[in-house]
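Please open the structure in a viewer and keep the selection tool at hand.

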Amino acid sequence: MDLHGLLHEDVELWAWDPVECIRDLIGNPLFKEHVVYAPAQAYADHEGLHCVIDDMWTADWWCDKQKQLPKGATIAPVILASDKTCLSQFRGDKSAWPVYLSIGNIAKEKRREMSARATVLIGYLPAGKLGCFTSDSRSLASYRLFHHCMSLLLQPLIAAGQDSVEMVCTDSMVRRIYPILAAYVADFPEQCLVACCKENRCPKCLVAADERGDPLSSPMRDPQLIKEILEKRKKGQHPTEFEDFGLCTVYSPFWANLPHTDIFLAFMPDLLHQLHKGVFKDHLVKWCLEIVGEAKIDARFKAIPDFPDLRHFKKGISAVKQWTGTEHKQMQHVFVGLLAGAVPRYD
């Protein structure tokens, strides 16, 4: 409690200059054979009718951004990843919130190698419980704290993205580098946190909460429009779009001043929660269990013979309480064959 009788809590932000991290990555001689400095187009046929999008430099995003920059500019597509992680469930309930950075100039095969260290830790965000706030205001306070800390962490990217920074690259050439946020990797709740929207809404587009999953086309969220709506709300106005878009009262999103950045296009699919757990486990498996029956599905999993590199669910799947991404993938390997003949056909 301070002198005014208000409760407060000290939080810590651990940060490393992201521009210096990019300088280290783009100049690392170990990546010399795996770094690209300009966009390229690849085609599957000689006529150029079927475009192949593989690494980041083959996508339209890089070509479009390159046209907006001065001649001779080199883009360093910044890839960020963050995930609030529980460190202990039994002693103190400790959590950490790391933020990682990589660049799209490095080939994805090299970037994915853990031993290559092509992804670096640039900071730890505060992961405290904010007990100085009431239960009603604590959630919103944590949202605003996240954006404030991310703004401090990524502050160097603003000037660098506007004016460029000279860096020595892996081929010993000096280039003017424009670091631009291109991709943000996070789970779905954190995507909504970054997008300043509620968790029952899509962080990328404006589809209504009760229309998610319907076969329709919805407009993408516009960063400039979202910033204008939040600014109006900050001034005490009540624009109808605020509720229509499912926004939260985070008035200063960290991405607001990052140059050439569309945060809503930067979100990558959350394969674990949206595909493996969402589409497969929570929908497909649930439907099949209701149609076929839990006991029959378990019996079929038990009857599958052992095979190298394939998990044998000896007790079935109904007894598994905590699922991992690996277990979801192992189920997917055999699920189609397991269902064959499980339900009688009616001609």
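The coordinates come from a predicted model.

**Stop 1: helix α1**

Select residues 18–26, which make up helix α1. Which residues of this helix are buried? They are P18, V19, C21, I22, L25 and I26. Now turn the view so that it looks down the axis of α1: the buried residues fall within an arc of 160 degrees and so line one face of the helix. In general, an α-helix has 3.6 residues a turn, so residues three or four places apart point the same way.

Next, display what the buried residues of α1 pack against: the strands β4 (74–82), β6 (95–103), β7 (120–125), β8 (165–168) and β9 (174–185), together with helix α4 (135–163).

**Stop 2**

L121 belongs to strand β7, one of the elements against which the buried residues of α1 pack. With a relative accessible area of 36%, L121 is partly exposed.

**Stop 3: Q191 in helix α5**

Move to residues 188–195, helix α5, and pick out Q191. Is Q191 buried or exposed? Its relative accessibility is 2%, so Q191 counts as buried.

**Stop 4: salt bridges**

How many salt bridges does the count come to? The count is eight, and three of them are visited here. Side chains of opposite charge can pair when their charged atoms come close.

- Select K110 and E113, whose side chains meet in a salt bridge at 3.5 Å, N to O. K110 is buried at 18% relative accessible area, whereas E113 is partly exposed at 36%.
- Select R175 and D171, which are joined by a salt bridge of 2.9 Å, N to O. D171 counts as partly exposed, at 29% relative accessibility.
- Select K277 and D282, where the salt bridge spans 3.1 Å, N to O. K277 is partly exposed at 36% relative accessibility, and D282 is partly exposed with a relative accessible area of 34%.

Definitions and conventions
Residues are numbered from 1 along each chain as its sequence is written. This is a predicted model: local features need pLDDT of at least 70, side-chain atom pairs count only at pLDDT 80 or more; totals for chains, interfaces and linings use all residues. Side-chain values use heavy atoms; hydrogens and water are left out. Buried means under 20% relative accessible area, exposed over 50%, partly exposed in between (1.4 Å probe, protein chains only). Helices (H or I, at least four residues) and strands (E, at least two) are DSSP runs, numbered from the N terminus. The arc is that of the directions from the helix axis to the C-beta atoms. Contact means heavy atoms within 4.5 Å. A salt bridge is a side-chain nitrogen of Lys or Arg within 4 Å of a carboxyl oxygen of Asp or Glu.
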